[in-house]
Every structure is written in C-alpha cells, then in structure tokens.
Amino acid sequence: MHVNQDDDDLTDIMSVQEVESYIKNLKNSKASDPKQIKAILLKNLPQTALQALTTIFNNCFNASYFPTSWEQASTIMIPKPGKDLHSPLSYRPISLLNIMGKIPEKILTNRLKTFLETNNIIPQQQFGFRSQRSTMNPILELYTDASRFANLKECTIAVFLDIERAFDKVSHDGLIYQVIKRQINPKFIMLLDSFLHNRCCQSQNPQDPLTTRQH
C-alpha cells in the first residue's frame, strides 16, 4: 500500500512552540509521575529550558530512540468492589506515566492520527479513538440498516464481541508488522518499536499484588 501524503512529517523536527503548546495542555490535577515531576513545574520552565527540552526530543527522534526511563510507569492498584483481594485480577491498575515521555508521545500520536486520516488508512467502519466519532455512530448505522431491512421484510443479524483486556493482548510485533505493510516512514517505525520495547510498570505500594512487569 502506498500513501499519498509525504510521511516525512511524522519525524519532522519539533519547534519550541510545538513543545510548549503541548506542555500547556497538561493537566495540573494529574498526580506526579514516577520521578515526582508535576505538570506545573514544566509550565513554568524558562525559554532556555524549553529549548533544551526540545533539543532532547529532537535528538531522540533523529536517533529513533525512546529513552528507557520514559517507559517506566508507577502503578496504583484500585480494588474492584466485591472481588477477592488476594487475586491480581481483582484490581484495576492506574498507571502514572513519565511526564517527560508524555510530551513526545502526544506529539507523535497527533502526527500519526493526522497522517492516517489524511491518507484514509483507517477503515471507515472504525469509530473508536477517532475525532468527531463515538459509539453513537455504529448504533445509528445499525438502527438504519435494521430499519431498512425491516421495511424490505428481511432480517438483520448482529454479532457483538466483548474481548477481555483487549488492549493488553495487542501483539507489539504484529502492530509493527502492520505499520511496515503500509510503507510508513522507516524512521518512524523504528521510533515506534523503541517506544513499545521494554515498557515496564511497578506498584507504588509494595503490598499490592503487582510485581514489576515488562511488556
């Protein structure tokens, strides 16, 4: 598959203004990251520090490397009501990501979304995780189809799947393979592979039923 839009934009250098705009959008209410860095701290950085931060991000992009320290998450385990507290599956994990890694991650995510939408790579039948779309869209499509076939005295059959822990079961190798198939910028693919490699999390509370875990 060949894409239309130049995919060099995916790994184009960041400007200080671009980095600053993403920092401003960070929520002050968010808890500190594993390094105890808060958003309010980044929002009060002087221009010299923002320039240095932008240089670090651009060097990572140029080297197609996502630093290991940015891949470490601190996880808080929230118990599910009425569940066996001795089972790890009875807890809902809330991960606190490294705030320094969030900035380039958000920039890459928005660039990738724009690229995929512009080149019509995402199937029209997908509604989740897309701007200006929601679960209401497939519901309306189902209602429209069912109504139309009912008027034709025909039946409508629907199959609903609920995949348990679907996000956790995504194969990283399979994801990289799908990106390679679409002939996207190889430099971006290497950066994405580095982003997914050796990610780990560790519970903030030693008594929680969670040990350090790598993906």
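1. Start with S64 and what it touches. Setting aside neighbours within four places in sequence, S64 is in contact with K187, M190, L191 and S194. Bear in mind as you look that this is a predicted model. S64 itself is found in the loop between α3 and β1. Its relative accessible area is 10%, so S64 counts as buried, the limit being under 20%.

2. Next, the aromatics. How many aromatic pairs does the structure hold? There are 3. One of them is F57 with W70, an edge-to-face pair with 5.6 Å centre to centre and 75 degrees between the planes. This pair links distant parts of the chain: F57 belongs to helix α3 (residues 47-63), while W70 is in the loop between α3 and β1 (72-79), and the two are 13 residues apart.

3. W70 also pairs with F66. Their ring centres are 5.5 Å apart and the planes meet at 80 degrees; anything over 60 counts as edge-to-face, so this pair is edge-to-face.

4. For W70 the relative accessibility is 10%, which is why it counts as buried. F66 is buried as well, with a relative accessible area of 3%.

5. Which ring does the charged end of R148 sit over? That of F149, with the charged end 4.6 Å from the ring centre.

6. Last, have a look at the surface. I157, V159, L161 and I163 form a nonpolar patch there, and together they have about 540 Å² of accessible area. Take L161 as an example from the patch. L161 is found in the loop between α5 (136-151) and α6 (172-181). Its relative accessibility is 74%, and since exposed means over 50%, L161 counts as exposed. Compare S64 back in point 1, which is buried at 10%.

Conventions: Residues numbered from 1 in each chain as written. Predicted model: local features only at pLDDT ≥ 70, side-chain atom pairs only at ≥ 80, totals over all residues. Heavy atoms only, no water. Phe/Tyr/Trp six-rings, centres within 6.5 Å; stacked < 30°, edge-to-face > 60°. Helix = DSSP H or I, 4+ residues; strand = E, 2+ residues; numbered from the N terminus. Buried < 20%, exposed > 50% of the residue type's maximum accessible area, 1.4 Å probe, protein only. Lys NZ or Arg CZ within 6 Å of the ring centre and 35° of its normal. Contact = heavy atoms within 4.5 Å. Patch = residues over 30% accessible without salt bridge, like charges linked within 9 Å, V, L, I, M, F, W, Y side chains within 5 Å. Areas by Shrake-Rupley, 256 points an atom, 1.4 Å probe, with all protein chains shown as cover. Salt bridge = Lys/Arg side-chain N within 4 Å of Asp/Glu carboxyl O.
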